[in-house]
Amino acid sequence: MKKLVTALLILVAIAGCSDGGKLGRSAPMAMSKPSANSPSRYLAYEHSIQIDAEEGKVAAIYAAGQAACRDAAADLCTVLESRINSGRAASASLKFRTTPGGIGKLIAALSQQGEVTEQSTSAEDLASPIADAAKKLAMLTDYQAKLEALRARASTDVDALIKVNRELAQVQSELEDVAGKRAHLVQRVETQILNVTISADHKQSFFKPISLAMSDFGTNLSQGVSSAIIGLAFLIPWGLVFALFVWIGRTLWRRRKQKSAGQT
């Protein structure tokens, strides 16, 4: 009975692989034929905009962007990343994930808050990864069904049941992992990413760079003095070594000169 179960496991594994091979030949054709009215159904879009605003309005635009995302809850808007720097060089950044309609709403809302100086869009074709995930899911599901049938037949053999259950647990783990990856890929296709950068580089006053330089004067001066002291600490031993070589050279030169004078 044990030999029979082992042989059946091998046959199930071979059958699973052969089914996967058949899927590998047929599934890509189906995935590569999107409907005529949606030629970009497997493209994952990512947009980026640069907003230039006055320094005092950076925080307000940052808050307005988050509020616009909350208002677009029906468009599945989510804030993936957020960062704000309210120090000397005010800046902020936001990263959203939402539906294509939500992208338009966010850009429109942010455009009213500041000047959009740069805008770009990129797309990644996920047709192949999604098709591969679908093939693997089909193969694992078929393999799982065959293992379930094998377990029912080997219900009286404890050792065989242990082997089959161990294989089923491994297949279930792989199924969950592949299903999660495929769900993430599908989410990337069905939703889009918007990166927003907010800065005040071109809206600074004439005296702002000067005031920044003046405020850094003391720090830069102390750093310059410390660098000079460090350089001097390195130069002193090398200067002593150089002076020693000069003294030795002069001594040898004098002895040679005296020797030459005595011979004449």
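Let me begin with a term: by a disulfide I mean a pair of cysteine sulfur atoms within 2.5 Å. What we are looking at is a predicted model, in which local features need pLDDT of at least 70 and side-chain atom pairs count only at pLDDT 80 or more, whereas totals for chains, interfaces and linings use all residues. Residues are numbered from 1 along each chain as its sequence is written, and side-chain values use heavy atoms, with hydrogens and water left out.

A search of the whole structure finds 1 disulfide, and Cys69 and Cys77 form it, with their sulfur atoms 2.1 Å apart. The angle about the S-S bond is -115°, and the link of Cys69 and Cys77 is left-handed. Both partners are buried, a word I use for under 20% relative accessible area, against over 50% for exposed and in between for partly exposed, taken with a 1.4 Å probe and protein chains only: Cys69 has a relative accessible area of 4%, and Cys77 has 13%.

Now to the chain as a whole. The protein chain has 7 helices and 5 strands, these being DSSP runs numbered from the N terminus, H or I of at least four residues for helices and E of at least two for strands. Along the sequence their order is α-β-α-β-β-α-β-α-α-β-α-α. Of the 264 residues, 28% count as buried. If we take contact to mean heavy atoms within 4.5 Å, then among contacts in the protein chain between residues at least 6 apart in sequence, 80% join residues at least 24 apart.

Where in this fold does Ser199 sit? Ser199 is found in strand β5, which spans residues 192–199, and with a relative accessible area of 8% Ser199 is buried. Leaving aside residues up to four places away in sequence, Ser199 touches Gln50, Ile51, Asp52, Ala53 and Ala90. With Gln50 there is also a polar contact, side chain to side chain, at 2.9 Å; the term covers a pair of N or O atoms within 3.5 Å where, within protein, one must be able to donate a hydrogen and the other to accept it, and residues adjacent in sequence count only if both atoms are side-chain atoms.

Finally, the surface. The accessible surface of the protein chain comes to about 17,100 Å², of which 61% belongs to carbon and sulfur atoms; accessible areas come from the Shrake-Rupley method with a 1.4 Å probe, and for residues only the protein chains shown count as cover.
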